[in-house]
Amino acid sequence: SIGNCSNTAYTTVTVNPNPTASAASNITITQGNSATLSASGGGNYSWSNGATDSVITVFPLVTTLYCVTVTNVNNCVDTACVTVTIEPIDCPGELYLPNAFSPGGDNENDVLQLYYSNYACIKTFKLVIYNRWGETVFETTNPVAPWDGSYPEGTRSSKEKTESAAVFVYYMEATLLSGEEIIKKGNISLVR
């Protein structure tokens, strides 16, 4: 208005709704495992660990807070967070590999195997056994796999009598969930 003169004009204001970020609820996992996190509520997702998908898999070593920022087509944002709590595994004791075994079929020390109180604590594992000529006669990445003293085809030992006694050399390496690395090597006697 100016003085006694006035006029009216109208316009439409469009209010775009804000996105509503939603993330999975807090979860607890056992040390060494993974967790799948999901988010919803927008078109674009940006997680605090750099991921940009609505569903991500994480491998935290310690309890971690993950936040996701959700952005819609109008560049409006909202954020939600989820905590992944790590429950530690009790990993006491030492990896023990006997230095002798007797595969005689009497159910007494018939196989050579690793002994440990909690195999779930072993993140990575490798055991290689060599004969006296340096040939690999047994190899595994499975910490519970036993060796029965048999030889693979093509080794010099496979041509010999399998019931004869022999001394072998082993090399073992393992990584525990705690991050501890273990390397052992030595001799193993096959006794008949």
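A pocket, as the word is used here, is an open set of points on a 1 Å grid over the protein atoms alone, with protein on both sides within 12 Å along at least five of seven lines, and its lining residues have an atom within 4 Å of a point. Grid points are joined across faces, edges and corners, and a volume is the space filled by probe spheres set on the points. The model is predicted, with local features needing pLDDT of at least 70 and side-chain atom pairs counting only at pLDDT 80 or more, while totals for chains, interfaces and linings use all residues. Residues are numbered from 1 along each chain as its sequence is written, and side-chain values use heavy atoms, with hydrogens and water left out.

**The largest pocket**

The largest pocket holds about 170 Å³ of space. Its lining consists of Q31, G32, N33, F59, P60, L61, K123, T175, L176, L177, S178 and G179. These lining residues divide into 5 nonpolar, 6 polar and 1 charged, where Ala, Val, Leu, Ile, Met, Phe, Trp, Tyr, Cys and Pro count as nonpolar, Asp, Glu, Lys and Arg as charged, and the others, Gly among them, as polar.

**Strand β7 and its partners**

Strands are DSSP runs (E, at least two residues), numbered from the N terminus, and two of them pair if DSSP finds at least two bridges between them. Strand β7, residues 77-87, pairs in the parallel sense with β2, residues 27-30, over 4 bridges, and in the antiparallel sense with β6, residues 64-71, over 8 bridges. V84 of β7 is the bridge partner of I27 and also of T64.

β6 and β7 form a hairpin with 5 residues between them. N72 lies in the loop between these strands, and its side chain reaches the backbone nitrogen of C76 at 3.0 Å. Leaving aside neighbours within four places in sequence, N72 is in contact (heavy atoms within 4.5 Å) with P17, N18, P19 and G43. N75 is found in the loop between β6 and β7 as well.

Buried means under 20% relative accessible area and exposed over 50%, with partly exposed in between (1.4 Å probe, protein chains only). The table sets out the values for N72, N75 and N109.

| Residue | Relative accessible area | Class |
|---|---|---|
| N72 | 15% | buried |
| N75 | 65% | exposed |
| N109 | 53% | exposed |

N75 has a positive phi of about 65 degrees although it is not a glycine. Phi of N109 is likewise positive, near 55 degrees, in a residue other than glycine, and N109 is placed in the loop between β8 (100-101) and β9 (122-130).

**The open sheet**

An open sheet is formed by 5 strands in the order β8-β12-β11-β9-β10, with mixed pairing. β8 and β10 (136-140) stand at the edges, each with a single partner strand, so one side of each is left without a neighbour in the sheet.

T175 stands opposite E181 in β12, and T175 is among the residues that line the largest pocket. The hairpin of β11 and β12 has 4 residues between the strands, and in it G179 takes a positive phi near 95 degrees; G179, too, is one of the lining residues of the largest pocket.

Terms used
1 Å grid on protein atoms, 1.4 Å probe; cavity = no way out; pocket = protein on both sides within 12 Å on 5 of 7 lines; lining within 4 Å. Polar contact = N/O pair within 3.5 Å; in protein donor to acceptor, adjacent residues only side chain to side chain.
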